[in-house]
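I opened the model and went through a few places in turn. These are my notes.

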Amino acid sequence: MRSVQVVRLDGPAAVEVRDVAEPAAGDGQVLIDVRAAGVNFPDVLLTRGLYQYKPDPPFGLGSELAGVVREAPAGSGLAAGDRVAGFSTYGAFSEVAAVPADRVVPLPDEVSFAAGACLPMNYLTAHFTLAVRGRLREGDDVLVHGAAGGVGTAVTQLARAMGARVIGVVSSEAKAEVAKAAGAHDTVLVDGFKDAARELTGGRGVDVVVDPVGGDRFTDSLRSLAPFGRVLVVGFTAGEIPTVKVNRLLLGNTEVVGVAWGGYALAHEGYIHGQWADLLPHLRSGALDPVISQTFPLDRAAEALALIDERRVTGKVVLQP
């Protein structure tokens, strides 16, 4: 089969599409014919050896996919021919992938394979962010950084589906249009977002800030909060990890909350399937509909990764074998 392989740790340009042996399903694994795979920021980090786990090259890249079950273990609730989405540690950017059964979920007929490949990482993260760590309630005001990106559009759609008002923070008017199309009620530019958010909330501030970006905007995120508000730390795509002056938390009765979906979900058997059950009604209704900016064949995987690396992506990028 064809598979995107990281052959040296020199960034997106160092990936190659190679012919490799098809995987065999191990104990508790589902063998999937891949129809689409989602490209994520951690995939870029892996091409440089900068992610939290560091496999030695060559290794298969990609962690998020959708496709058709070829083979499934007994008791998994899955059978050959089922449409599914799922995520793995490696190898999703391939024609065939072996994925642990507890990381595979049924894909509704209403959802395309391309859209399905964008769901597991971002939308399960969004659910954990808002429903669990953020304690989101209907009527809350939510400020979303990077609102035109993959995580940002997922959070925006889910927050709106949960009855919140969404203010998207973007870096350009073009990205503002993407955020609005994803469901943001209002958008504000990065420069001056704190004052703009205060104005939009009548001076009160927002109940929740979702921050997958980090960097120098973090202090103004804290200043954007209403009393009892919380900043949800999802990631650091800006590269810089900010620090917190805890006196600000005391004075404002506010919180900084860490969001590490993957580590928690994988340590609790069945957790992902419970999350998926919560999302299914919104998927079937169309309230959750991933924003796909571009689709590439496997042979152009390096180009897809470079788009993310250079911050030129809105929504998600998808590879199709």
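I call a residue buried when its relative accessible area is under 20%. The model is a predicted one, and I kept that in mind throughout.

Entry 1, Ile 308. I looked up Ile 308 and found it in helix H11, which covers residues 301-309. Its relative accessible area is 12%, so Ile 308 is buried. I then asked which residues Ile 308 touches, not counting those up to four places away in sequence. I found Val 39, Asn 40, Phe 41, Val 44 and Val 313.

I placed Glu 64 in strand S5, residues 64-71. Is Glu 64 buried or exposed? I read a relative accessibility of 0%, so Glu 64 counts as buried. I followed its side chain and saw that it reaches the backbone nitrogen of Met 121 at 2.8 Å.

I went on to H3, residues 120-133, and noted it as mostly covered, with 10 of its 14 residues buried. The buried ones include Pro 120, Asn 122, Tyr 123, His 127 and Phe 128. Just after H3, I noted a positive phi of about 50° at Arg 135.

I checked the length of H4, residues 150-161, against expectation. At 1.5 Å a residue its 12 residues should span 16 Å, and I found the end C-alpha atoms 17 Å apart, which agrees. I also noted that 9 of the 12 residues of H4 are buried, so the helix is largely enclosed by the rest of the structure. Among the buried residues I listed Gly 150, Gly 152, Thr 153, Gln 157 and Leu 158. After H4 comes Gly 163, where phi is positive, near 95°.

I recorded about 150 Å³ of space for the second largest pocket. Its lining includes Gly 215, Asp 216, Glu 240, Pro 242, Lys 245 and Arg 248. Which helix gives the largest share of this lining? I found that it is H7, residues 218-223, with 3 residues. Sorted by class, I have 4 nonpolar, 3 polar and 4 charged residues in the lining of the second largest pocket.

Definitions and conventions: Residues numbered from 1 in each chain as written. Predicted model: local features only at pLDDT ≥ 70, side-chain atom pairs only at ≥ 80, totals over all residues. Heavy atoms only, no water. Helix = DSSP H or I, 4+ residues; strand = E, 2+ residues; numbered from the N terminus. Buried < 20%, exposed > 50% of the residue type's maximum accessible area, 1.4 Å probe, protein only. Polar contact = N/O pair within 3.5 Å; in protein donor to acceptor, adjacent residues only side chain to side chain. Contact = heavy atoms within 4.5 Å. Expected span 1.5 Å × (residues − 1). 1 Å grid on protein atoms, 1.4 Å probe; cavity = no way out; pocket = protein on both sides within 12 Å on 5 of 7 lines; lining within 4 Å. Points joined across faces, edges and corners; volume = space filled by probe spheres on them. Nonpolar A, V, L, I, M, F, W, Y, C, P; charged D, E, K, R; others polar.
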